[in-house]
Amino acid sequence: MRVFVTGTGIISAIGNDSNEVYNSLMKGRSGVGPITRLNTIHKDHIPVAEVNLSDDELLKDARISDAHLQTRTSLLALKAAREAVTQAG
């Protein structure tokens, strides 16, 4: 079986799309820092790599009406998948 990759999508602590991530990698940027988005008791104790978009920003981008049915993880996956589909044409 042969597989063809026609589009890619990514969202991470160093960029909100493939181009931003690539540029950050080329510049050696780190996405690790203080917790700003997640509500946790560890907020002041450990650094993390967070995606720098709020849930509201992700929901707006996803154009989803039933926001209460979506987790942050699913919104991040949807954003990356949409980028991949757009690239694939």
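1. The largest nonpolar core has nine residues in all, namely Ile11, Val51, Leu53, Leu58, Leu59, Ala62, Leu75, Leu76 and Ala80; such a core is a set of buried Ala, Val, Leu, Ile, Met, Phe, Trp, Tyr and Cys residues joined through side-chain atoms within 4.5 Å, where buried means under 20% relative accessible area with a 1.4 Å probe, protein chains only. Helix 2 and helix 3 are the elements that give two or more residues to this core.

2. The model is a predicted one, in which local features need pLDDT of at least 70 and side-chain atom pairs count only at pLDDT 80 or more, while totals for chains, interfaces and linings use all residues. Residues are numbered from 1 along each chain as its sequence is written, and side-chain values use heavy atoms, with hydrogens and water left out.

3. Helix 2 (residues 55-62) packs against helix 3 (residues 72-88) at an angle of about 45 degrees, and their axes, which are lines fitted to C-alpha atoms over the stretch in contact, lie 10 Å apart. The contact (heavy atoms within 4.5 Å) is made by Asp55, Leu58, Leu59, Asp61 and Ala62 of helix 2 and by Arg72, Leu75, Leu76, Leu78, Lys79 and Arg82 of helix 3. Six of these residues are nonpolar, none polar and five charged.

4. Ala80 of the core touches Gly9, Ile10 and Ile11, when residues up to four places away in sequence are not counted.

5. For the chain as a whole, buried residues make up 25% of the 89 residues, and the elements run α-β-β-α-α from the N terminus on.

Conventions:
Axes are lines fitted to C-alpha atoms, for helices over the stretch in contact, and angles run from 0 to 180 degrees between N-to-C directions. Helices (H or I, at least four residues) and strands (E, at least two) are DSSP runs, numbered from the N terminus. Ala, Val, Leu, Ile, Met, Phe, Trp, Tyr, Cys and Pro count as nonpolar, Asp, Glu, Lys and Arg as charged, and the others, Gly among them, as polar. Buried means under 20% relative accessible area, exposed over 50%, partly exposed in between (1.4 Å probe, protein chains only).
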